[in-house]
Amino acid sequence: MNNQKQQKPTLSGQRFKTRKRDEKERFDPTQFQDCIIQGLNETGSDLEAVAKFLDASGAKLDYRRYAETLFDILVAGGMLAPGGTLADDMMHTDVC
């Protein structure tokens, strides 16, 4: 009798599935800021257009994750540097 086990065949090209909870998004407030400021600058000074833009982009962008950055942009016009001044190297908007 032969006590050796035969190797089972395997499929080539197998992919490992990851769970959605294990996939982490990168925290990137500068990219979020660029998207928001670009949209606000395109709308101009029309507050109805600004409100429509913020409602529409709320589905794509994670306002809850970037709440502090969104608050800085809507109140001060851009991201704040340490000390409470606007960062010089970042984009700014007049809609604030």
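Which residues of α1 are buried? In this predicted model, the buried residues of α1 are P29, F32, Q33, I36, I37, G39 and L40. These residues lie on the same side of α1, because they cover an arc of only 160° around the axis.

## Overall architecture

The protein has three helices and zero strands, and its elements run α-α-α from the N terminus on. Of the 96 residues in the protein, 24% are buried. The accessible surface comes to about 8,500 Å², and carbon and sulfur atoms contribute 50% of that area. Among contacts with a separation of 6 or more, 53% are between residues 24 or more positions apart.

## Helix α1 and its cover

Helix α1 spans residues 29-43, which is 15 residues. From its first C-alpha to its last, α1 reaches 21 Å, close to the 21 Å expected at 1.5 Å a residue. The cover over the buried residues of α1 includes α2 (47-57) and α3. After α1 comes G44, with a positive phi near 80°.

Within α1, L40 counts as buried because its relative accessible area is 0%, where the limit for buried is under 20%. Beyond its neighbours within four places in sequence, L40 is in contact with V50, F53, I73, L74, T93 and V95.

Helix α3 comprises residues 67-76. Its buried residues are T69, L70, D72 and I73. They sit on the same side of α3, because they cover an arc of only 160° around the axis. This buried set packs against α1.

The face turned away from the buried side of α3 carries the exposed residues E68, F71 and V75. V75 counts as exposed because its relative accessibility is 53%, and the cut-off for exposed is over 50%. Together with F71 and L74, V75 forms a nonpolar patch on the surface, and the accessible area of the three residues together is about 290 Å². α3 is followed by G77, whose phi is positive, near 95°.

## The segment after α3

H92 belongs to the segment that comes after α3. What is the relative accessibility of H92, and how does this residue count? H92 counts as partly exposed, because its relative accessibility is 37%. Leaving aside its neighbours within four places in sequence, H92 is in contact with I37, N41, G77, G78, L86 and A87.

| Pair | Separation in sequence | C-alpha to C-alpha distance |
|---|---|---|
| L40 and H92 | 52 residues | 9.9 Å |
| L40 and T93 | 53 residues | 7.0 Å |

T93 is also listed among the contacts of L40, as is V95.

## Summary of the arrangement

Where do the buried residues of α3 pack? They pack against α1, and α3 is in turn included in what covers the buried residues of α1, along with α2. On the face of α3 turned away from its buried side, the exposed residues include F71 and V75, both of which are part of the nonpolar surface patch with L74.

Definitions and conventions
Residues numbered from 1 in each chain as written. Predicted model: local features only at pLDDT ≥ 70, side-chain atom pairs only at ≥ 80, totals over all residues. Heavy atoms only, no water. Patch = residues over 30% accessible without salt bridge, like charges linked within 9 Å, V, L, I, M, F, W, Y side chains within 5 Å. Areas by Shrake-Rupley, 256 points an atom, 1.4 Å probe, with all protein chains shown as cover. Salt bridge = Lys/Arg side-chain N within 4 Å of Asp/Glu carboxyl O. Helix = DSSP H or I, 4+ residues; strand = E, 2+ residues; numbered from the N terminus. Buried < 20%, exposed > 50% of the residue type's maximum accessible area, 1.4 Å probe, protein only. Expected span 1.5 Å × (residues − 1). Arc of directions from axis to C-beta. Contact = heavy atoms within 4.5 Å.
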